[in-house]
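Visitor: I would like to go through a model by its contacts. Where do we begin?

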There are 2 protein chains.
Amino acid sequence: MLLELVERLANLMRAELRKAGSDESLQPVHLHAMIYLAKANRYSNTPQALTAYLGLTKGTVSQTLLVLDRRGLIERYQDDVDRRVVRLRLSTSGEQLLYEAQPALAWQNATRNISPNRIRNATSALREALATLQDDNEGAMFGECTSCAHCQKLSQRIYRCGLMGDRLSGPETRRLCWLYDARRDETG
Amino acid sequence: MLLELVERLANLMRAELRKAGSDESLQPVHLHAMIYLAKANRYSNTPQALTAYLGLTKGTVSQTLLVLDRRGLIERYQDDVDRRVVRLRLSTSGEQLLYEAQPALAWQNATRNISPNRIRNATSALREALATLQDDNEGAMFGECTSCAHCQKLSQRIYRCGLMGDRLSGPETRRLCWLYDARRDETG
DNA sequence: CGGTGATGGTATCGATTCGATACGATTCGC
DNA sequence: GCGAATCGTATCGAATCGATACCATCACCG
């Protein structure tokens with residue numbers, strides 16, 4: 001029952017994405033990729049991370065990125081340390097397009113009348129399901145530092161990723177990371 | 001946040017469907033359609049209802065059904081009263097395949113450790129979001145008679161659909177219907 | 001009845017996604 | 001340094017998907 005709901009909601013939102021992108025003749029995948037890039041942190045703005053996020057093969061994702069690049073919606077640049085790695089970011093016109101498309105608008109309307117508390121509860125239940133599902137598939141988890149096991153607080157505003165060893169600013173900790181490790185449940 | 005979870009869960013389940021169908025070289029859509037047909041009631045076993053359910057165009061769905069028909073997984077037969085209408089049902093080999101594929105198994109594992117109460121709460125929240133979303137898109141709602149505004153109880157075991165005027169057996173009321181109208185919230 | 005429009009499905013076409021495979025460039029282990 | 005592994009790209013073929021046109025049937029209306 002819950003599974004059905006999740007699938008139907010996702011189908012509808014996919015249809016929304018299709019509608020939102022049709023003006024610019026963009027496919028749902030393209031918008032989905034752009035939405036991801038708008039939220040990914042410094043460790044996660046690569047084709048590899050995007051591939052894990054979308055659940056597709058790297059060849060497929062490479063083509064998607066090719067389209068976005070040709071349209072000038074993203075920029076690709078080389079990593080400094082590992083020159084095999086390509087890093088991605090939205091161009092200004094990409095950000096602009098995403099801002100105008102407002103792909104999440106329909107969802108916001110749909111959930112406006114649901115109490116924050118119920119939303120929180122539903123979120124935590126789904127998050128748990130997702131964690132188990134991804135464990136089984138050995139897939140990356142994708143989450144924010146605020147609830148990541150690697151995150152250490154150095155001072156009022158400065159954090160540190162215990163896995164990568166970098167210092168992170170406050171805003172950076174609120175971006176999406178594919179190295180995310182779910183924090184142990186403290187209430188257990 | 002909740003939207004992301006829904007989308008990622010749906011992506012993963014879609015990947016599960018792909019894996020489950022790859023042995024038989026069936027695409028996710030094919031399995032999805034079969035899953036629907038396994039649960040649809042007498043008003044909802046048509047290409048039109050399936051089209052609404054999947055959120056695709058009728059041409060696309062027609063092709064999907066063509067594949068399933070050629071593979072002998074479904075049967076098509078004409079409606080008695082309206083001869084334009086085609087009705088669909090799983091063939092025995094279709095049922096067999098669906099039974100062996102167990103597409104929902106991964107999901108069941110993922111939600112096994114979540115308390116029934118939390119599942120219920122999450123379900124109701126998502127159901128509400130879905131209702132609003134579908135209202136906005138003028139899409140069909142899809143639900144069971146047990147919570148449908150048209151459903152009337154005639155006796156211990158016999159029900160009646162107030163919209164279509166037919167009598168329904170108990171099992172029939174637990175199937176999926178695209179004429180579903182969400183019952184007014186009785187707790188309001 | 002006959003005719004006009006609406007409706008349920010199908011057929012065809014082109015654009016696009018997607019996976020599989022092969023490949024080039026770079027890095028790492030030894 | 002040399003071979004193996006890794007990150008990304010390129011190419012090819014199969015399949016989805018939407019748009020459009022089309023056919024058969026039904027509903028409406030004199």
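Guide: A polar contact is a pair of N or O atoms within 3.5 Å. The model discussed here is predicted.

Visitor: Which residue of chain B has a side-chain N or O atom 3.3 Å from a base oxygen of DNA strand D?
Guide: The cut-off for a polar contact is 3.5 Å between N or O atoms. A base oxygen of DNA strand D and a side-chain N or O atom are 3.3 Å apart. The side chain belongs to Gln63(B).

Visitor: Which element gives the most to the surface near DNA strand D?
Guide: Elements that each supply at least two residues are α3 (47–54) and α4 (58–70) of chain A, with α2 (28–39) and α4 (58–70) of chain B. By residue type, that surface divides into seven nonpolar, eight polar and seven charged. The element that gives the most, with three residues, is α4(A).

Visitor: What is the area buried between chain A and chain B?
Guide: Chain A brings 49 residues to the contact, and chain B brings 49 residues. Carbon and sulfur atoms give 66% of the buried area, which is about 4,900 Å².

Visitor: Which residue of chain A forms a salt bridge with Glu4(B)?
Guide: Four salt bridges are found across the interface of chain A and chain B. In the one that involves Glu4(B), the closest N and O atoms are 2.7 Å apart, and the partner is Lys39(A).

Visitor: Which element gives the largest share of the side of chain A that touches chain B?
Guide: Ten residue pairs are in polar contact between chain A and chain B. On the chain A side, two or more residues come from each of α1 (2–22), α2 (28–39), α3, α6 (105–111) and α7 (116–137). The largest share, 16 residues, comes from α7(A).

Visitor: How many residues on that side of chain A are nonpolar?
Guide: The side of chain A that touches chain B has ten polar and eleven charged residues. Its nonpolar residues number 28.

Definitions and conventions. Residues numbered from 1 in each chain as written. Chains lettered and ligands numbered in written order. Predicted model: local features only at pLDDT ≥ 70, side-chain atom pairs only at ≥ 80, totals over all residues. Heavy atoms only, no water. Polar contact = N/O pair within 3.5 Å; in protein donor to acceptor, adjacent residues only side chain to side chain. Helix = DSSP H or I, 4+ residues; strand = E, 2+ residues; numbered from the N terminus. Nonpolar A, V, L, I, M, F, W, Y, C, P; charged D, E, K, R; others polar. Contact = heavy atoms within 4.5 Å. Buried area = accessible area lost by both parts, 1.4 Å probe. Salt bridge = Lys/Arg side-chain N within 4 Å of Asp/Glu carboxyl O.
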